Amino acid sequence: MLIRHRRGFEIPEPRVTPEGLALGRRSFAAGTAALGLMTGAAYADAPPSLTPDPRFPPGRALTPEKDAETYNNYYEFSDDKDLWEDAKILPLRPWAIAVDGMVAKPQTFAVDDILSKMPQEERIYRHRCVEAWAMTVPWTGFPLRTLLAAVDPLGSAKYVVFQTASLPKFMPGLAQPWYPWPYIEALAIDEAENDLAFLATGLYGKPLPPQNGGPIRLVVPWKYGFKSAKALVRITLSDKRPAVFWQSIQPREYGFWANVNPAVAHPRWSQASERLLGSNERVPTQIYNGYGAFVASLYAGRMAEPLFM
Ligand SMILES: Nc1nc2c(c(=O)[nH]1)N[C@H]1C(S)=C(S)[C@@H](COP(=O)(O)O)O[C@H]1N2
Ligand SMILES: [Mo]
């Protein structure tokens, strides 16, 4: 991210024509069957297809699946974007996620129990990387606050801290000692309980591929992509704001809040427009990535903070 952000703009034009919404829905039906196979009886009861949540119209064509799944940021694997094949060795089962800290009922959930117990839904979200590329993809999953409710947060909890898996045997990037592993991100608790904050377990109707953060990742679409931590192993409620990954590396360039804003430039490049994966079209950036109606009120009392870096 620090030195290679321009390389993404040099990739050859993708070969794939944008699929549009219709194809996304068709492939979703097939994907539900795939999830059913993977999780057994639990998923067999799920509806044969999910309709994307109409509260969040994407307003854009879906990114071709191939582009979203072969151009990734995942520094545990590589500083480059072409890590998707290397990430395939990550063992996604068994997988557990601990939810602990300032909660009345700390628990460790097996990811298959999560898949069977949390009602799954589909949401098509725009995703905006701080490097100025963007995609529009259908995630399957459930609201973060459903999981938080299951552990009963204490009134004193102010932050929700997300920790990514740290598996040196599979993740060559962990050998780079100048990064502050493990990858930690965090939200204020009111952000975490917002409607939009989502835990994704699927993408394009199929189980979430490892390179996109499988088996389970955070998705907070009004913020720059680095907030949406992949491969979660621990969610901890705390009354303290933790040191988060990119902010620890370069605090002048990456902040805690990281809300998308076209008017606030990154110190080394403009955020006024973004490049759509697939078509490479440049389109204007939207404040809060277009989700201001859902989240702008979270920041009314926080205007003294650097909300947009
Ligand atoms: N654990 C972890 N999570 C991560 C990252 C990472 O390097 N490690 N990169 C972030 C960044 S910068 C972006 S833009 C998104 C990319 O998600 P995608 O590869 O599914 O598009 O993941 C985010 N989550
Ligand atoms: Mo990013």
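**Close-up 1. Polar contacts of ligand 1 in the predicted model.** In this predicted model, a polar backbone atom of S228 lies 2.9 Å from a nitrogen atom of ligand 1. The protein covers 100% of the 530 Å² of accessible area that ligand 1 has on its own. A nitrogen atom of the ligand also has a polar side-chain atom of E76 at 2.8 Å. An oxygen atom of ligand 1 is 2.8 Å from a backbone N or O atom of Y75.

**Close-up 2. The shell and cavity around ligand 1.** Ligand 1 is surrounded by 20 residues, of which N72, Y75, E76, R217 and K230 are the closest. Sorted by class, this shell consists of nine nonpolar, eight polar and three charged residues. The ligand sits in the largest cavity.

**Close-up 3. The cis peptide bond between W181 and P182.** W181 and P182 are joined by a cis peptide bond, with omega at about -5 degrees. P182 belongs to the loop that runs between strand β5 (159-164) and strand β6 (184-188).

**Close-up 4. The cis peptide bond between G214 and P215.** The peptide bond that joins G214 to P215 is cis, and its omega is about 5 degrees. P215 is placed in the loop between strands β8 (206-207) and β9 (217-219).

**Close-up 5. The positive phi of D152.** Although D152 is not a glycine, its phi is positive, at about 60 degrees. The residue is located in the loop between helix α6 (144-151) and strand β5. With a relative accessible area of 36%, D152 is partly exposed.

**Close-up 6. The positive phi of N289.** N289, likewise a residue other than glycine, has a positive phi near 55 degrees. Its position is in the loop between strand β12 (282-284) and helix α9 (292-295). N289 counts as buried because its relative accessibility is 1%, and the cut-off for a buried residue is under 20%. D152, by contrast, is partly exposed.

Conventions: Residues are numbered from 1 along each chain as its sequence is written. Chains are lettered from A and ligands numbered from 1 in the order in which they are written. This is a predicted model: local features need pLDDT of at least 70, side-chain atom pairs count only at pLDDT 80 or more; totals for chains, interfaces and linings use all residues. Side-chain values use heavy atoms; hydrogens and water are left out. A residue is near a molecule or strand if one of its heavy atoms lies within 4 Å of it. A polar contact is a pair of N or O atoms within 3.5 Å; within protein, one must be able to donate a hydrogen and the other to accept it, and residues adjacent in sequence count only if both atoms are side-chain atoms. Accessible areas come from the Shrake-Rupley method with a 1.4 Å probe; for residues, only the protein chains shown count as cover. On a 1 Å grid over the protein atoms alone, a cavity is a set of points where a 1.4 Å probe fits but cannot get out, and a pocket is an open set with protein on both sides within 12 Å along at least five of seven lines; lining residues have an atom within 4 Å of a point. A molecule sits in a cavity or pocket if more than half of its atoms lie within 2 Å of its grid points. Ala, Val, Leu, Ile, Met, Phe, Trp, Tyr, Cys and Pro count as nonpolar, Asp, Glu, Lys and Arg as charged, and the others, Gly among them, as polar. Helices (H or I, at least four residues) and strands (E, at least two) are DSSP runs, numbered from the N terminus. Buried means under 20% relative accessible area, exposed over 50%, partly exposed in between (1.4 Å probe, protein chains only).
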